[in-house]
Amino acid sequence: MLTLKYYPYDLKFSEVFAVSSNARTSTEVIYVELGYEGKIGYGEASFPPYMKERRDDNLVYLSQLNLSGFTSPFQMDEIYAYMDSLSSENTPAKASVDMALYDLMGKVSGLPVNKLLGLESKKTIYTSFTIGIGEDDFILRQLNKAKQFKTIKVKLAGDILYNKHAIEFIQNNSAQAIGVDFNGGLPNKEIALNMIQWLAAKNILYIEQPLPVSLEKDYIFLKAESPLDIFGDESMQNVKDMIYKHELFDGVNIKLMKCGGISKAYQMASIAPSLGLKTMLGCMAEGSCAVTAAANLASMFDKVDLDGHLMMANDKFEGVEIVNGELKLCQLKLTGIEKQ
Ligand code: MG
């Protein structure tokens, strides 16, 4: 029999985390514990402001889940169908149960989760490090933290002067390769194209979500004119979005919290190349529990951006490690110790 426990938790950022639409000092998560034959599988649901999902609704949804009728975590497909039958929403809660099921399947079988997915673990995988929006002294502190990473992802906004200053300032202080994420912060396609052309001249690697979801139709123009690959993130939440909108983007940023967990992200990453999309594995600002779950999929992806847990001051879990910018898959552990 499977037992389900869950509780809310607030993850605190080590430093204020600002993107084009908001700035935060903490972020809400839910931790899930699935019990089976004396073992516990862990999962995490996180709630970034731009997603419609709210923690209170997802706590109510989890309170309605009754998994006692299932006899094994290997009934993954049946359990997911049951979760979908109760609600078409609550994607983060479903993702947390999905990743707890995989953690449990790994513990019951004695196999690492990436092996259960048929994925290799020997390939060397580098992750990027994200730098939020801030003053020069903040950026310098972040660059200091980012030294071991080969690639930096820089958050930019609608303020063109800030954007140009931030990129030039970073390039004056670091030789690392740079990708740029606007989180939909640019106001229109003409300004976006000018900005992207300027960034291309600065040898930026790629652009993520320059225009908001409300201006999605303009991505046809932007994709045709842009000298750099454009990845969809806010516009590409799940497999349906990816299929319907694949002509708007050169690539897709896939995240467990948007699509509903490891099984759904695996499905998206399997389909994306046949739609002509490059793939990036991303995460939210979230803890090691969710980031470790995502890391099991890393060998499927062209780019990996799994650094959300590095921003947290009170992560209760240990899992994936990053050594010289390289992602090392490790067993997830609940330490319960709030790191400072
Ligand atoms: Mg993004």
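This is a predicted model: local features need pLDDT of at least 70, side-chain atom pairs count only at pLDDT 80 or more; totals for chains, interfaces and linings use all residues.

Trainee: What makes Ala293 buried?

Mentor: Buried means under 20% relative accessible area. Ala293 has 8%, so it counts as buried. You'll find Ala293 in helix α12, residues 288–295.

Trainee: Which residues is Ala293 in contact with, leaving aside its neighbours within four places in sequence?

Mentor: Met99, Leu256 and Ile262. Contact here means heavy atoms within 4.5 Å.

Trainee: How is the chain divided into domains?

Mentor: Domain 1 covers 3–110 and domain 2 covers 116–334. Their centres, taken over C-alpha atoms, are 22 Å apart. The contact between them takes 40 residues from domain 1 and 46 residues from domain 2.

Trainee: Now the metal. What makes Asp181, Glu208 and Asp233 donors of the magnesium ion?

Mentor: The cut-off for a donor atom is 2.8 Å from this metal. The protein donors lie 2.0 to 2.3 Å from the magnesium ion, through OD of Asp181, OE of Glu208 and OD of Asp233, so they pass the cut-off. Along the chain they follow the spacing D-x26-E-x24-D.

Trainee: Why do we say that Asp181 and Glu208 tie parts together?

Mentor: Asp181 sits in strand β6 (residues 177–181) and Glu208 in strand β7 (residues 206–208), so the pair links parts 27 residues apart in sequence. Asp181 and Glu208 are both buried.

Trainee: How do you know that β6 and β7 pair?

Mentor: Pairing takes at least two bridges. β6 and β7 have two, in the parallel sense, so they qualify. Val180 stands opposite Ile207 in β7.

Trainee: And Gln209, is that one buried or exposed?

Mentor: Buried, because its relative accessible area is 0%, against a limit of 20%. Gln209 lies in the loop between β7 and α8 (219–225).

Trainee: Why is the link between the side chains of Gln209 and Tyr219 called a polar contact?

Mentor: The N or O atoms must be within 3.5 Å, with one able to donate a hydrogen and the other to accept it. The side chains of Gln209 and Tyr219 come in at 3.3 Å. The side chain of Gln209 also reaches the backbone nitrogen of Glu234 at 3.2 Å. Among its contacts beyond four places in sequence are the metal donors Asp181 and Asp233.

Trainee: What order do the strands of the open sheet take?

Mentor: Eight strands run β4-β5-β6-β7-β8-β9-β10-β11, with parallel pairing.

Trainee: What makes β4 and β11 edge strands?

Mentor: Each has a single partner strand, so one side of β4 (129–131) and one side of β11 (303–304) is left without a neighbour in the sheet.

Trainee: What about β9, which residues cover its faces?

Mentor: Gly251 and Asn253 are on one side, Val252 and Ile254 on the other, and all are buried. In a regular strand the side chains alternate between the two faces of the sheet. Two bridges join β8 (residues 229–232) to β9, and Gly232 stands opposite Val252. The chain gets from β8 to β9 through helix α9 (residues 239–245), in a right-handed β-α-β crossover. Four bridges join β9 to β10 (residues 278–281), where Leu281 is the bridge partner of Ile254.

How values were computed. Residues are numbered from 1 along each chain as its sequence is written. Side-chain values use heavy atoms; hydrogens and water are left out. Donors are N, O and S atoms within 2.8 Å of the metal (3.2 Å for Na, K and Ca); water is not among the atoms, so sites may look incomplete. Buried means under 20% relative accessible area, exposed over 50%, partly exposed in between (1.4 Å probe, protein chains only). A crossover is right-handed if, with the strands pointing away from the viewer, the path from the first strand over the helix to the second runs clockwise. Domain bounds come from an automatic or database domain assignment.
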